[in-house]
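Me: Could you walk me through a structure I've been asked to look at? I'd like to take it one piece at a time.

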Amino acid sequence: MAKHDTILLAHGGGGQLMDELIRHHILPKLKNDILAELGDSAKLKLASNSICFTTDSYVVKPLFFNGGDIGKLAVCGTINDLAVAGSKPVALSLSLVIEEGFKFDLLEKILDSISQAARENNVDIVTGDIKTVEVGAADQIFINTAGIGIRLPGVDLGFGKIAVGDKIIVNGTIGDHGMTIICQREDIKFRSNLKSDCAGLSELTCCLLENTSGIKFMRDPTRGGLAATLNEVSRATGLSIEICEADIPVSPAVQAAADMLGFDLLNIANEGKFVAIVSPESADACMTICRNHPLGKKAGIIGQVVKTRDVPLVELITKIGGRRVVQMPYGRELPRIC
Amino acid sequence: MLERIYKAQRSIDTACERLGRQINIMEVCGTHTVAIFRNGIKSILPKKIKLLSGPGCPVCVTDQSYIDSVLKLADCDDCLIATYGDMVRVPGKGGSLETKRTTANVKVVLSSEDALQLAKDNPKKNVVFVAVGFETTAPATAVVVKEAAEQGINNFFVLSGHKLVVPAMRALLSRINHNIDGFLCPGHVSAIIGYSAFAEIVQDFARPCVVAGFEPVQILEGLAEICRQISVGKAELKSVYSAVVTEKGNVSAQKMIAEFFEPADGYWRGLGKIKKSTLKLKDKYSRFDAFKQFGITETPGGDTNGCRCGEVLCGLIEPPQCALFERSCTPQTPVGPCMVSSEGACAAWFKYGRQRLNDDNG
């Protein structure tokens, strides 16, 4: 049992310590029959052979932030990748790379989050791996999750069907996760508590896809934010996009933080948001479903797909009626001077 | 809000019609530059209004030799560079703070206090604070020098690149750019120095000076006031940012600056040497002066490799007129500081305006 306060290299060594770690700390939290077999591979019986499969690694710093932690993020992030591809997530893998000396109680907290997020989103962690590395070879803990989702019957999302006139929906306020992380990372002590939007979206996306027919494309605007996602759509389709600043849901506290640091919220990461491109006829139905779900209460139709004049372009109509281009973000936001 | 915007627009339109010629208005603040682009303000102005981005971005106006000095210090094993984020990617001789192999010696700080803390946390390192910015950031630098002196911290040094706004405006008008019809004066700087500081520009050069805030409606109201004055042949000093900016400014911040710094002749990118335009630490505090302690001499540095940031800063050209813009110089591969800083004119053009170039130029 936990005689150790911290992770030792031997916890990843395949011997007794690793066995104890798995049996006493991981299995009880992530309990399910498939994982309990502790085989080299998980044996899954799926309801369909049409699946989505994805993987993502999580290296967030700080590990714990308001609204979540690396564990919750690792589960929700992969669930969301499956969800926006039009599938219902069923099983995840979990790989931990832990730096020697990492505190056991922090690991416990992270595992609790993983367990809770998996339970809430109705997926099982069915296989996994632990590696430990010497001090300095990793920054505390890195997590990789891969996931499988069953594709929803009749759903085929992609750039191909996007057409002029389609509406763009986002399921709530943007920039919450990124600004929370930036503020906690840069150690800015705002009195207001920014909170990450980190959440699993599959229940809402499945509900939308099962009850409406006009959804053509979905994506979760994580790194690079809304700006990156919309630019990808514009590039891939050759169509232009027009979004309306006044219609983009934003929390005032997040906006204030972004203004203070000189960030553009369109470029900031989200972890509980999707962008959906839907036919104009189905937009209202989508909005109704969103607004009746806890993760879509502040959803908004933020713009539309328009014809391209010269080059495919994402443009913002500002609150004062001006227009400006929304570029693909550079990739690293730097706090400004004053 | 929309009514105020329409009113400002109407007043700008009327002024343009009355004048019948192009009106060149310079904003002397990087935050204004970004706000103008981010809010698409140019797109709702008459084509006769030309907005010029002036020397208002602290990183952009910093002379190349200063950047090179910072990079040199970053190479010293016993030095730790504490810098505001915008400086990290400015290219100099042999790379930037971001690309240098010595990145372990470079820490991004959000305040001067963070820089001082870094010195306390690393007693074996010489922490050099890359202190750039106008009158807005200078008081914060003064505060930490005071604290370092009081607490006897001997490993903290300030490489003062602080600059004064008004001497730069004088230099522009007297020898560099005579086409500026009026100034949209910086809100943040004015909060410190007071709007009365611009009175000399109005008196000596007969150019309207209007201090405005950063909300789009405030910017438009500032522009409307400038246009009104120009159209009736007047030049007045005015603030439309009364909630924040007073006539005299923040006197205690001014006192802090005066206690620790003195105006000195110094080099600006694009504007060259300007008399009494920079702030150097007073001799009394020379033990914190990185220039003195590390034997750095200030020499004028030229723009590199065809970069025309200097001309951009003076409102002589717009970024797309530089041959490097969008070709070899992009936010991913910046050649000059105006493409690096989030407040730089080139970055703003690239990010928010470049596709609309043809429309903007009418």
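Me: Which residues are buried in α6(B)?
Reply: Keep in mind that this is a predicted model. In α6(B), the buried residues are A138(B), P139(B), T141(B), A142(B), V144(B), V145(B) and A148(B).

Me: How many residues does that helix have, and how far does it reach?
Reply: Helix α6 of chain B covers residues 138-151, which is 14 residues, and from the first C-alpha to the last it reaches 20 Å, close to the 20 Å expected at 1.5 Å a residue.

Me: What follows α6(B)?
Reply: The residue that follows α6(B) is G152(B), and its phi is positive, near 60°.

Me: How do α6(B) and α11(B) cross?
Reply: Helix α11 of chain B spans residues 251-260, and its axis comes within 8 Å of the axis of α6(B), with the two crossing at roughly 60°. That angle makes α6(B) oblique to α11(B), and the crossing is left-handed.

Me: Which residues make that contact?
Reply: From α6(B) the contact uses A138(B), P139(B), A142(B), V143(B), V145(B) and K146(B), while α11(B) brings A253(B), M256(B), I257(B), E259(B) and F260(B). Sorted by class, the contact of α6(B) with α11(B) has nine nonpolar residues, no polar ones and two charged ones.

Me: Now chain A. At what angle do α3 and α4 pack there?
Reply: Helix α3 of chain A (residues 70-83) and helix α4 of chain A (residues 104-120) pack at an angle of about 30°, and their axes are 7 Å apart. Angles under 35 degrees count as roughly parallel, and α3(A) and α4(A) are therefore roughly parallel to each other. Their crossing is right-handed.

Me: And which residues make the contact there?
Reply: On the α3(A) side they are I70(A), G71(A), K72(A), A74(A), V75(A) and C76(A), and on the α4(A) side they are I110(A), L111(A), S113(A), I114(A), A117(A) and A118(A). The residues of the contact of α3(A) with α4(A) are nine nonpolar, two polar and one charged.

Me: What about α5(A) and α8(A), how far apart are their axes?
Reply: Their axes are 10 Å apart, and helix α5 (residues 176-185) packs against helix α8 (residues 252-261), both of chain A, at an angle of about 55°. That makes α5(A) oblique to α8(A), and the crossing of these two helices is left-handed.

Me: Who touches whom in that pair?
Reply: The contact is made by D176(A), M179(A), I182(A) and C183(A) from α5(A), together with V254(A), A257(A), A258(A) and L261(A) from α8(A). In the contact of α5(A) with α8(A) there are seven nonpolar residues, no polar ones and one charged one.

Me: Switching topic, how many residues of chain A are in contact with chain B?
Reply: There are 21 residues of chain A in contact with 31 residues of chain B. On the side of chain A that touches chain B, the classes are 10 nonpolar, five polar and six charged residues.

Me: Where is D181(B), by the way?
Reply: D181(B) sits in the loop of chain B between α7 (165-176) and β7 (182-185).

Me: Is that residue buried or exposed?
Reply: D181(B) is buried, because 21 other C-beta atoms lie within 10 Å. Leaving aside neighbours within four places in sequence, D181(B) is in contact with I23(B), N24(B), I25(B), R207(B) and I230(B). Also, D181(B) and K50(B) are 131 residues apart in sequence, yet 10.0 Å apart in space from C-alpha to C-alpha.

Me: What can you tell me about the backbone, say the peptide bond from K61(A) to P62(A)?
Reply: That peptide bond is cis, with omega near 5°, and P62(A) is found in the loop between β1 (51-58) and β2 (64-65) of chain A. For background, most peptide bonds are trans, and most residues other than glycine have a negative phi.

Me: Which value does phi have at K276(B)?
Reply: The phi of K276(B) is positive, about 45°, although K276(B) is not a glycine. K276(B) lies in strand β11 of chain B, residues 272-281, and is partly exposed, with 13 other C-beta atoms within 10 Å.

Me: And what is phi at E326(B)?
Reply: Phi of E326(B) is near 75°, which is again a positive value in a residue other than glycine. E326(B) is found in the loop between α13 (309-313) and α14 (337-340) of chain B, and E326(B) counts as partly exposed, with 16 C-beta neighbours inside 10 Å.

How values were computed. Residues are numbered from 1 along each chain as its sequence is written. Chains are lettered from A and ligands numbered from 1 in the order in which they are written. This is a predicted model: local features need pLDDT of at least 70, side-chain atom pairs count only at pLDDT 80 or more; totals for chains, interfaces and linings use all residues. Helices (H or I, at least four residues) and strands (E, at least two) are DSSP runs, numbered from the N terminus. A residue is buried if 20 or more other C-beta atoms lie within 10 Å of its own, exposed if 12 or fewer, and partly exposed in between; C-beta atoms are placed from the backbone. Two residues are in contact if their C-beta atoms, placed from the backbone, lie within 7 Å. Ala, Val, Leu, Ile, Met, Phe, Trp, Tyr, Cys and Pro count as nonpolar, Asp, Glu, Lys and Arg as charged, and the others, Gly among them, as polar. Axes are lines fitted to C-alpha atoms, for helices over the stretch in contact, and angles run from 0 to 180 degrees between N-to-C directions. Angles under 35 degrees count as roughly parallel, over 145 as roughly antiparallel, 65 to 115 as roughly perpendicular and the rest as oblique. A crossing is left-handed if the near helix is turned anticlockwise from the far one by less than a right angle, and right-handed if clockwise. The expected span of a helix is 1.5 Å times one less than its number of residues.
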